Amino acid sequence: KKTTHFEASDAANGEAGSAGVRDEARARLPAGMTSIERLQIQGIRSYSPYEPQTLEFYKPLTVIVGTNGSGKTTIIECLKQATTGDLPPNCKNGQNFIHDPNLAVAMEVKGQIKLRFSSASGKPVVVSRSFNLTQRQKKKEYKALESVLSTVDDHGAKVTMSTKCSDLNKLVPQLMGVSHAILENVIFCHQEEANWCLGDDATLKKKFDEIFASARYTKAMDEIRKQKNELAAQVKVLKAEAESAETRLQSANRLKNALDSDKREAETLRARIALHDESLFELDASLVELDARAQRTAGLESTLSQLRVTQREKRAQAQEVRANLNGQFGRELEQGDEELQRQLDEHTATQGARKREEARARADAAEVASQR
């Protein structure tokens, strides 16, 4: 055990030479390998709650030697707790993991574990986990305080995270490039749990599944099968929809062809209707003309009927006149209509001549009277 300030630089501790050795050893590490550098313990198990103890791990191998009860197992427990957040077995939920307040003659003991390591990407990382154990009247009360992780980003700026914003139990194994199961069951396996490989088949299978992440593989395969079945169901539905769409497409094509045919027939019918409209217009004009002719014919027929009536009346009058003449002259007039017409015309002409002579006589008389 060596008491130093955990975050002090190598130069401040007068260890420039050993720092160069560490840097050279770190440079010889395979790319992507995590390197544990320092561990600080305070108030854990038999470690003093008043003075932190710092252990520096050398490369390529660090051997921890000590008598029973000196704290060798506590180092492994602290490494496991710092990296995975798991408490060691048989510690009564952390009560036996923190330094006993009775031994410290205090009502409250604070414990802390700090681990510094180089991540798989070569960045420095410091994990700090704090605890509190309070002595009550009849029992001890254990409480895990806020844990903090400090590292640098790609630009070299310091980054700090706590359990309030991140799950350090998952983040630290990710930074180390090692799974939680390997850290717990292989690298930092507790001596009381080291015989898990001799356990029953179920326990053994569970451990190997966790170490080799077969559960994730099985879960992934189950998810793949689930996705495959879902996709197969979707493909089946899509095939049915495609068949239905094909049927609807065929029906639509038939309807489109029928619609095109109906459109062509409609155009033909429109052309025929236009021709019929022209013929109808001509027929309407002819009908108007025929109506006019019919009206003229009806007028002529009416006039003809009137003339016939007049003719019958005239004939009756002529017969009556003839009968009167026969009665007056005592004989029948044997002349025909032509002769009578001639005689009538002569009489009319004679009467006209007389009227003209009378008119000239009246005119002469008027002229003579005017001269007087």
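The legends below describe views of a predicted model of one protein chain.

**Figure 1. Overall fold of the protein chain in the predicted model.** The chain has 372 residues, and 24% of them count as buried. Its secondary structure consists of 8 helices and 7 strands. If contacts between residues at least 6 apart in sequence are taken, 54% of them link residues at least 24 apart.

**Figure 2. Packing of helix H5 on helix H6.** Two packed helices are described by the angle between their axes and by the distance between those axes. Helix H5 covers residues 180-187, and helix H6 covers residues 201-211. Their axes lie 8 Å apart, at an angle of about 125 degrees. H5 is therefore oblique to H6.

**Figure 3. Residues in the contact of H5 with H6.** From H5, the contact involves Ala-181, Ile-182, Asn-185 and Val-186. H6 contributes Lys-207, Glu-210 and Ile-211. By class, the residues of this contact comprise 4 nonpolar, 1 polar and 2 charged.

**Figure 4. Confidence along the protein chain, with residues 1-21 in close-up.** Mean pLDDT for the protein chain is 84, and 87% of its residues reach 70 or more. In residues 1-21 the pLDDT is below 50. Where pLDDT is low, predicted coordinates should not be read in detail.

Terms used. Residues are numbered from 1 along each chain as its sequence is written. This is a predicted model: local features need pLDDT of at least 70, side-chain atom pairs count only at pLDDT 80 or more; totals for chains, interfaces and linings use all residues. Side-chain values use heavy atoms; hydrogens and water are left out. Helices (H or I, at least four residues) and strands (E, at least two) are DSSP runs, numbered from the N terminus. Buried means under 20% relative accessible area, exposed over 50%, partly exposed in between (1.4 Å probe, protein chains only). Contact means heavy atoms within 4.5 Å. Axes are lines fitted to C-alpha atoms, for helices over the stretch in contact, and angles run from 0 to 180 degrees between N-to-C directions. Angles under 35 degrees count as roughly parallel, over 145 as roughly antiparallel, 65 to 115 as roughly perpendicular and the rest as oblique. Ala, Val, Leu, Ile, Met, Phe, Trp, Tyr, Cys and Pro count as nonpolar, Asp, Glu, Lys and Arg as charged, and the others, Gly among them, as polar. pLDDT is the predictor's confidence in each residue, from 0 to 100.
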